[in-house]
Amino acid sequence: QWIFMNGEYVGKEDAKVSVYDHGFLYGDGIFEGIRAYDGNIFRLDEHIRRLYDSAKAMLLTIPYTQQEMAEIVADTVRRNELEDAYIRLVVSRGPGNLGLDPFTCKTPQVIVIAEQLALFPKEFYERGMEIVTVATRRNRSDILNPKLKSLNYLNNILIKIEASLAGAGEALTLNTEGYVAEGSGDNVFIVRDGELWTPPSYLGALEGITRNAVMEFARDMGYVVHEQPFTRHDVYVADEVFLTGTAAELIPVIRVDGRTIGDGVPGVHTLRLLEIFQTHVRTDGVK
Ligand code: PLP
């Protein structure tokens with residue numbers, strides 16, 4: 001396996017970062033999770049754009065143009081002879097001193113890992129997933145904007161821990177005002193009377209690329225899609241609930257906090273959207 005590190009490809013064993021890297025010391029860095037289907041990299045330009053937006057917001061200079069970075073990602077996939085891959089693109093602030101000051105870090109570390117995809121269990125798609133609301137609240141956009149996809153994922157990890165301890169596949173998170181935000185690493189949608197609802201990102205949700213793609217495909221299919229705040233009550237009484245994410249694609253949710261959603265099986269709209277999504281991802285990407 002070849003890993004791209006700062007301009008060269010190194011073996012897995014040699015792909016190491018410094019203990020002085022502020023990505024390690026402080027979570028001072030950014031990342032993207034990207035997916036390739038049959039050699040097509042899904043929405044690569046959007047992932048690159050989100051990465052560069054995050055970099056700009058935290059005054060981190062990536063030493064490549066967006067076009068060069070896209071080429072590096074595609075090249076890493078090719079070099080590893082992968083058709084279906086999960087790609088992790090990381091840019092950390094780089095090694096500095098032990099202080100917080102990011103300006104002591106002179107060389108950002110740019111890393112691209114592409115590996116064989118570890119698929120979610122088939123069972124999630126066939127039977128659906130159970131999720132629970134956790135006590136840890138999601139950051140709102142006025143606290144640490146979730147649009148900035150940083151390496152500082154402790155909030156998400158604490159959320160994931162709570163969901164796992166409760167025996168649930170994912171968490172449903174609320175923001176500090178009690179509005180539904182997202183999962184620990186997935187966006188959430190509800191379906192009611194044939195219309196789709198997903199929280200606006202300012203409530204504390206990452207503007208997921210899968211989320212945006214699903215909204216676009218759904219609108220093309222004739223669905224009305226609302227990007228509007230809603231509460232747990234709306235989730236409990238929804239006809240269908242599903243999660244979206246790069247790795248998850250669309251995962252049907254059949255129980256939330258013990259409340260059965262709809263008939264307790266993956267819903268027809270969810271399955272239809274999943275099918276359309278899977279068709280698009282195999283044809284839309286960059287080779
Ligand atoms: N929400 C969070 C917090 C995430 O980390 C991710 C994945 O990166 C998502 C949602 C889903 O976003 P995407 O569809 O871009 O993978």
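This is a predicted model: local features need pLDDT of at least 70, side-chain atom pairs count only at pLDDT 80 or more; totals for chains, interfaces and linings use all residues.
- Six strands make up an open sheet, and their order is E2-E1-E6-E5-E3-E4. The pairing is antiparallel.
- At the edges sit strand E2 (8-11) and strand E4 (40-41), each of which pairs on one side only.
- As a bit of background, the strands of a sheet pair through backbone hydrogen bonds, and the pairing can be parallel or antiparallel.
- Side chains in a regular strand alternate between the two faces of the sheet.

**Strand partners to look for**

- Strand E5 (residues 85-92) and strand E6 (residues 109-116) are antiparallel and joined by eight bridges.
- Together E1 and E2 form a hairpin with two residues between them.
- In the turn of that hairpin, Asn 6 has a positive phi of about 50 degrees.
- E1 is also joined to E6, by two bridges, and these strands run antiparallel.
- Phe 4 is a handy landmark here: Phe 4 stands opposite Tyr 9 in E2 and opposite Val 112 in E6.

**Helices H2 and H3 on the sheet**

- Helix H3 (residues 66-79) lies across strand E1 (2-5), E2, E3, E4, E5 and E6. The direction of H3 is at about 40 degrees to E6.
- How close do the axes of H2 and H3 come, and at what angle do they cross? They come within 10 Å and cross at roughly 125 degrees.
- That angle makes H2 oblique to H3, and the crossing is right-handed.
- On the H2 side, the residues that meet H3 are Leu 44, Asp 45, Ile 48, Arg 49 and Tyr 52. Their counterparts in H3 are Gln 66, Met 69, Ala 70 and Val 73.
- Sorted by class, this contact of H2 with H3 has six nonpolar residues, one polar and two charged.

**Helices H6 and H8**

- In general, two packed helices are described by the angle between their axes and the distance between the axes.
- For H6 and helix H8 (residues 268-281), the angle is about 110 degrees and the axes are 10 Å apart.
- H6 and H8 are therefore roughly perpendicular to each other.
- From H6, the contact takes in Val 214, Phe 217 and Ala 218. From H8, Leu 273, Ile 276, Phe 277 and His 280 take part.
- The contact of H6 with H8 has six nonpolar residues, one polar and no charged ones.

**Around the ligand**

- There are 14 residues around the ligand. Those that come nearest are Leu 206, Gly 208, Ile 209, Thr 210 and Thr 246.
- Which elements each supply at least two residues of this shell? They are helix H6 (209-220) and strand E13 (240-245).
- H6 gives the most to the shell, with three residues.
- By class, the shell divides into two nonpolar, nine polar and three charged residues.

Terms used: Residues are numbered from 1 along each chain as its sequence is written. A residue is near a molecule or strand if its C-beta atom, placed from the backbone, lies within 6 Å of it. Helices (H or I, at least four residues) and strands (E, at least two) are DSSP runs, numbered from the N terminus. Ala, Val, Leu, Ile, Met, Phe, Trp, Tyr, Cys and Pro count as nonpolar, Asp, Glu, Lys and Arg as charged, and the others, Gly among them, as polar. Two strands pair if DSSP finds at least two bridges between them. Two residues are in contact if their C-beta atoms, placed from the backbone, lie within 7 Å. Axes are lines fitted to C-alpha atoms, for helices over the stretch in contact, and angles run from 0 to 180 degrees between N-to-C directions. Angles under 35 degrees count as roughly parallel, over 145 as roughly antiparallel, 65 to 115 as roughly perpendicular and the rest as oblique. A crossing is left-handed if the near helix is turned anticlockwise from the far one by less than a right angle, and right-handed if clockwise.
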